[in-house]
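Hi,

Here is the structure I promised to pass along. Have a look at it first, and then read on for what turned up.

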Amino acid sequence: MQDQKQRFLFPDSDIRGELIRLESSLASITGNRDYPMVVQSLISEAVVAVALLASTLKFKGRLALQAQGKGPLSLLMAECSDDGKVRALARHAESLPADRTNLPALLGEGTMVITISPEQGRQYQGIVPLEGPDLATCLEGYFRQSEQLPTRLWLAAGNGRAAGLMLQRLPNQIAEADHNAITWEHLETLASTLGGEELLDLDTTTVLHRLFHDTPPQLPPAQPLAFGCTCSRERTQRALVSLGKEELQAILDEQGEATLTCDFCGHQEHFDAVDLAELIHKET
């Protein structure tokens, strides 16, 4: 299965959709981590979700979803760039509660935010209300309250794969409001008949035909998705510098070197005594 994002457009209406399928990207994200199954599932759904949401970007940049809490799941973060590069990570306690299907319960007292970071321009951040049992419901609430765009999301994950379907009703431009309302209700009803196993197991063409064969959507070229990390030696160096001169000196005196590992991809950057001394000198 090729990792890709397929947009689909319904003629004579202001309704669009996205269908995403992932496999190799998830292997890169979870392959080097000993995540419990519930965490693997949540990460997979989060990656699909940010890839769906990033389809709304009309500029070069990145969209990130980050949830932090005081519960067993302390951090869940996923990110997607405008060119389809995804990455994600999670931090969790050793033990998880018996009811592992309720996202707010896993996070405990926490927050979830969407951050949009354009390459040029100001960063935007929106709060996602934790008012549903799962990620899809929470994100639907975000669009309803913050973006005021009717949006439905279906997410599925399992057996090292993940998939997602999004329907979104845009402001009335092509068709009249009544027509868009009727079409939206019809398409939403059809999409709701799709089961999680079908979403995971069937190819893109089959899913769209099975759901919308009576109103065939237009299919622009699909966009490939792939794992991609933005870590670099320069970024790692900035992280060291942010510790401050005294902390850097302490590392040099006590350890004589420093090795930092990227939480997303596992890549390591090594700084020997000469490197650390140079960083300390720059801070003087």
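Which residue in β9 does Ala-156 stand opposite? That would be Ala-163. Before I go further, please keep in mind that this is a predicted model.

**The overall picture**

The protein chain has 284 residues, and 45% of them are buried. It holds ten helices and 13 strands.

**The five-stranded sheet**

Reading across, the order is β8-β9-β2-β1-β10, with antiparallel pairing. The two edge positions go to β8 and β10 (223-224); each has a single partner strand, so one side of each is left without a neighbour in the sheet.

β8 and strand β9 (residues 161-169) run antiparallel and are joined by eight bridges. Besides the pair I opened with, Ala-157 stands opposite Ala-162 in β9. The hairpin of β8 and β9 has two residues between the strands, and Asn-159 takes a positive phi near 55° there.

On to the next pairing: β2 and β9 also run antiparallel, with eight bridges joining them. Here Arg-16 stands opposite Gln-168 in β9. Is β9 mostly covered or mostly open? Mostly covered, with eight of its nine residues buried.

**Another hairpin, and a parallel pair**

Strand β4 (residues 73-81) and strand β5 (residues 85-92) run antiparallel, and seven bridges join them. If you want a spot to look at, Cys-80 has Val-86 in β5 as its bridge partner. Three residues sit between the strands of this hairpin, and Gly-84 takes a positive phi near 85° in it.

β5 also pairs with strand β11 (residues 226-227), in the parallel sense and over two bridges. In that pairing, Lys-85 stands opposite Ala-226 in β11.

**Salt bridges**

How many salt bridges does the count come to? Twelve. In general, side chains of opposite charge can pair when their charged atoms come close.

Glu-18 forms a salt bridge with Arg-7, and their closest N and O atoms are 2.7 Å apart. Glu-18 lies in strand β2 (residues 15-22) and Arg-7 in strand β1 (residues 4-9), so this pair ties together parts that are eleven residues apart in sequence. Why does Glu-18 count as buried? Because its relative accessibility is 1%, and the cut-off for buried is under 20%. Arg-7, with a relative accessible area of 30%, is partly exposed.

Glu-188 and Arg-152 meet through their side chains in a salt bridge of 2.9 Å, N to O. Glu-188 is in helix α5 (residues 177-191) and Arg-152 is in strand β8 (residues 151-158), so the pair ties together parts that are 36 residues apart in sequence. Glu-188 is partly exposed, with a relative accessible area of 22%, and Arg-152 counts as partly exposed at 22% relative accessibility.

Then there is the salt bridge between the side chains of Arg-233 and Asp-275, at 3.3 Å, N to O. This pair links distant parts of the chain, with Arg-233 in helix α8 (residues 233-241) and Asp-275 in helix α10 (residues 273-283), 42 residues apart. Arg-233 is partly exposed, its relative accessible area being 32%. Asp-275 is partly exposed as well, with a relative accessible area of 22%.

**A charged patch on the surface**

Last stop: Glu-246, Glu-247, Asp-253 and Glu-254 form a negative surface patch. Of these, Asp-253 is found in helix α9 (residues 245-254). Is Asp-253 buried or exposed? Asp-253 counts as exposed because its relative accessibility is 58%, and the cut-off for exposed is over 50%.

Methods:
Residues numbered from 1 in each chain as written. Predicted model: local features only at pLDDT ≥ 70, side-chain atom pairs only at ≥ 80, totals over all residues. Heavy atoms only, no water. Patch = residues over 30% accessible without salt bridge, like charges linked within 9 Å, V, L, I, M, F, W, Y side chains within 5 Å. Areas by Shrake-Rupley, 256 points an atom, 1.4 Å probe, with all protein chains shown as cover. Salt bridge = Lys/Arg side-chain N within 4 Å of Asp/Glu carboxyl O. Lys, Arg positive; Asp, Glu negative; His and termini not counted. Charge placed at Lys NZ, Arg CZ, Asp CG, Glu CD. Helix = DSSP H or I, 4+ residues; strand = E, 2+ residues; numbered from the N terminus. Buried < 20%, exposed > 50% of the residue type's maximum accessible area, 1.4 Å probe, protein only. Pairing = 2+ DSSP bridges.
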